[in-house]
Amino acid sequence: IPCNVAYTGLVGPPPPANPISTHEVIVSVGGGAVGARLLDAAARALATPDLRRLTALLLTGPNAPAGLAEALGRLAPDASVESFVDNMPDRLAGARLAVCQAGYNTAADLIVTGCPAVLVPFEGVGETEQLRRAMALEAGGRAVVLREASLAASSLAEAMGRALALPRSRSAKLDGAARTAEILLAQLELRP
């Protein structure tokens with residue numbers, strides 16, 4: 001059985017038209033089911049003397065454990081803590097730094113906004129996709145990767161300092177959706 005595979009490119013949002021500059025640092029963990037440790041380390045890192053001056057938004061995700069938001073508020077009283085925002089690309093476009101895992105949508109948002117990042121990819125048993133994505137972004141000069149095994153407030157604060165020095169880069173295209181449509185239309189034309 002022949003199987004046609006075509007590379008479409010990344011699917012991502014259009015460049016944000018209205019950057020929101022409310023927070024300099026945005027920490028996000030997607031849905032939040034596996035992000036409590038990253039959020040805790042970020043809240044502690046944001047309390048260090050070098051990072052305390054930065055305005056921060058901690059996004060717990062809708063699946064975060066009960067009580068996490070309150071605990072983060074105690075660790076980083078000057079940071080805003082929310083479950084979810086619906087305008088993430090606009091917020092990243094206005095931020096100086098993102099601290100997050102390396103899920104597909106997050107990576108696409110980082111690429112389209114050019115926001116420098118510290119990526120702490122999820123590395124559960126057999127999981128490699130986030131690590132591979134994070135390493136590619138680091139190789140492209142867009143991120144600093146911190147492996148989960150090395151995650152602590154001090155190592156995260158150091159990685160954040162390095163990432164704040166990265167230039168903003170918006171050179172990648174995310175036209176995978178349009179390319180997918182082109183491929184499908186071409187395949188339909190080839191059918192008898």
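Here are a few notes on the cores and the surface of this predicted model.

1. Start with the inside. The largest nonpolar core is made of 30 residues. Val25, Leu58, Val99, Val118, Leu156 and Met160 are the ones with the most contacts inside it. Strands 1 (25-28), 2 (56-59) and 4 (97-100) each put in at least two residues, and so do helices 1 (36-46), 2 (68-75) and 6 (153-164). Helix 1 is the top contributor to this core, giving seven residues.

2. Leucine 156 is worth a click in the viewer. Setting aside neighbours within four places in sequence, leucine 156 is in contact with Leu38, Ala41, Ala42, Ala45, Val99, Val118, Leu146 and Leu151. Two of those partners, Val99 and Val118, are also on the list of residues with the most contacts inside the largest core.

3. Now the outside. Tyr7, Leu10, Val11 and Tyr104 make up a nonpolar surface patch, and together they have about 400 Å² of accessible area. Leucine 10 sits in the segment before strand 1. Its relative accessibility is 31%, so leucine 10 counts as partly exposed rather than exposed, which would take over 50%.

4. Last, alanine 139, which belongs to helix 5 (residues 129-139). Is alanine 139 buried or exposed? Alanine 139 is exposed, because its relative accessible area is 70% and the cut-off is over 50%. From alanine 139 to threonine 60 the C-alpha to C-alpha distance is 28 Å, and the two are 79 residues apart in sequence.

Note on methods: Residues are numbered from 1 along each chain as its sequence is written. This is a predicted model: local features need pLDDT of at least 70, side-chain atom pairs count only at pLDDT 80 or more; totals for chains, interfaces and linings use all residues. Side-chain values use heavy atoms; hydrogens and water are left out. A nonpolar core is a set of buried Ala, Val, Leu, Ile, Met, Phe, Trp, Tyr and Cys residues joined through side-chain atoms within 4.5 Å. Buried means under 20% relative accessible area, exposed over 50%, partly exposed in between (1.4 Å probe, protein chains only). Helices (H or I, at least four residues) and strands (E, at least two) are DSSP runs, numbered from the N terminus. Contact means heavy atoms within 4.5 Å. Patches are made of residues with over 30% relative accessible area and no salt bridge: like charges are joined within 9 Å, nonpolar side chains (Val, Leu, Ile, Met, Phe, Trp, Tyr) within 5 Å. Accessible areas come from the Shrake-Rupley method with a 1.4 Å probe; for residues, only the protein chains shown count as cover. A salt bridge is a side-chain nitrogen of Lys or Arg within 4 Å of a carboxyl oxygen of Asp or Glu.
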